[in-house]
Amino acid sequence: MKAVFVKAPYKVEIRNLPVREPGHDEAVVRIRACGICGTDVHIARKCAGDWSTIGHEIAGEVERVGTHVTRVRPGDKVMIENCTFCGVCSNCKNGSVEKCSSWLTLDDQPGAAEYITIREKSLHVFDDLPFEHVVLTEPLGVALDVTQLAEIPLNSNVCVMGPGPIGLMAVRIAKLKGAKNVILVGNSHSVRRLQVGREMGADEIVHADTCSVVDWFRTHFPQGVDRVIVTSPPKTLLDAVKIAGFGGIVSYIGIDFGGEELVTFDVNEVHFKRLQIRASHAVPNLMFPIAIDLLKNRIVEPEKLVSHVFPLESASEALLCAGEDKANAVKVVLSC
Ligand SMILES: [Zn+2]
Ligand SMILES: [Zn+2]
């Protein structure tokens, strides 16, 4: 099978790998689509080191199954969890599957490839959704997690920082949860992303590169906002703490890839405003069923988010588009 290998800056090789035979509880899935995530772009853009594989937002069609598989059959369309709770560790057995200490992973199998061999319990059967759209299930799961952590009250003012696919979906979910005003913060060059932000329900857009975000909020929301959802680089937590109002919750998702992971903020401000800062890390994957349902019923409209689809052979163009076409790229997907 073909698989994409990547090396910075934006070098791509398509190599041939063997397809692994399924174990008793596994299925071989013919991958049909794989979303390109920020992590994949980072690997392609500047990750030092040897060639690596990419892709963890994976959907496909079951081709054959092991002898003990009962829930899926050849021909089923499936979305794949890239990280599944084990169900048997102490945390899982105590009812906190989100704290699973022995996740089951893809075992280094790439998503930007033609086949994957994966345990049955990581598969979600779906219908009535194109493969290129259903791959949004994974980032939507992340958006659901970071939004759930923020506990958005009815009629509240919510700031979402970062107009990537996760931030854009968080805007939509915040509106669905009853936010009165959702203010999306992003750079002005992200033209299409900000446009989609409006379509997802953002009431205001603030350009982080052309004005002081903190000053804008001090003018328009002198009491601060009720909730801040941070999907931009973690250093923007500094602004989030300043624009959150009394009793506010700041939830955030994101890792720094080196250099700006140390953020300094005024602890007195956090204390006197009684702020809560909550980290999201949507691993293991949860909420795939609700995410698939939201996409299928177009409550979160996938066609607004998937801006580009490239064939697997054009992975190099796809990565360049996702990493460099700031004006036009929202979610870039490989059709495998
Ligand atoms: Zn992802
Ligand atoms: Zn577990």
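**View 1. Contacts of V158 in the predicted model.** The model shown here is predicted. V158 touches I152, A174, A179, N181, V182, I183, R227 and I229. This list leaves out residues up to four places away in sequence. V158 also belongs to the largest nonpolar core.

**View 2. The largest nonpolar core, 45 residues.** The members with the most contacts inside this core are L140, V158, V160, L184, I229 and L305. Helices α3 (131-134), α4, α5 (165-176), α6 (191-199) and α10 (288-296) each supply at least two residues. Domain 1 (2-136 + 300-335) and domain 2 (142-279) both contribute, so the core lies between them. In soluble globular proteins, nonpolar side chains tend to be buried together.

**View 3. A second, separate core.** This one has 39 residues. Among them are V4, I36, V69 and F310.

**View 4. The site of the zinc ion (ligand 1).** Four residues coordinate the ion: C37 through SG, H56 through NE2, and E57 and E138 through OE. The distances are 2.2 to 2.6 Å. Along the chain, the donors follow the spacing C-x18-H-E-x80-E. E57 sits in strand β5 (residues 57-65) and E138 in helix α4 (residues 137-150), so the pair ties together parts that are 81 residues apart in sequence. Both E57 and E138 are buried.

**View 5. The site of the zinc ion (ligand 2).** Here the protein donors are the SG atoms of C86, C89, C92 and C100. They lie 2.3 to 2.4 Å from the ion. Their spacing along the chain is C-x2-C-x2-C-x7-C. Angles among the 4 donor atoms run from 105 to 119 degrees, and the site is tetrahedral. The ideal angle for four tetrahedral donors is 109.5 degrees. C89 is buried, at a relative accessible area of 10%. C92 is buried too, at 7%.

**View 6. An open sheet of 3 strands.** The strand order is β2-β1-β4, and the pairing is antiparallel. Strands β2 (11-16) and β4 (52-53) form the edges, each pairing on one side only. β1 (residues 2-7) pairs with β2 over 6 bridges.

How values were computed: Residues numbered from 1 in each chain as written. Chains lettered and ligands numbered in written order. Predicted model: local features only at pLDDT ≥ 70, side-chain atom pairs only at ≥ 80, totals over all residues. Heavy atoms only, no water. Pairing = 2+ DSSP bridges. Helix = DSSP H or I, 4+ residues; strand = E, 2+ residues; numbered from the N terminus. Donors = N, O, S within 2.8 Å, 3.2 Å for Na, K, Ca; no water. Buried < 20%, exposed > 50% of the residue type's maximum accessible area, 1.4 Å probe, protein only. Core = buried A, V, L, I, M, F, W, Y, C linked by side-chain atoms within 4.5 Å. Domains from an automatic or database assignment. Contact = heavy atoms within 4.5 Å. Tetrahedral: all angles 85-135°; square planar, octahedral: opposite > 155°, others 65-115°.
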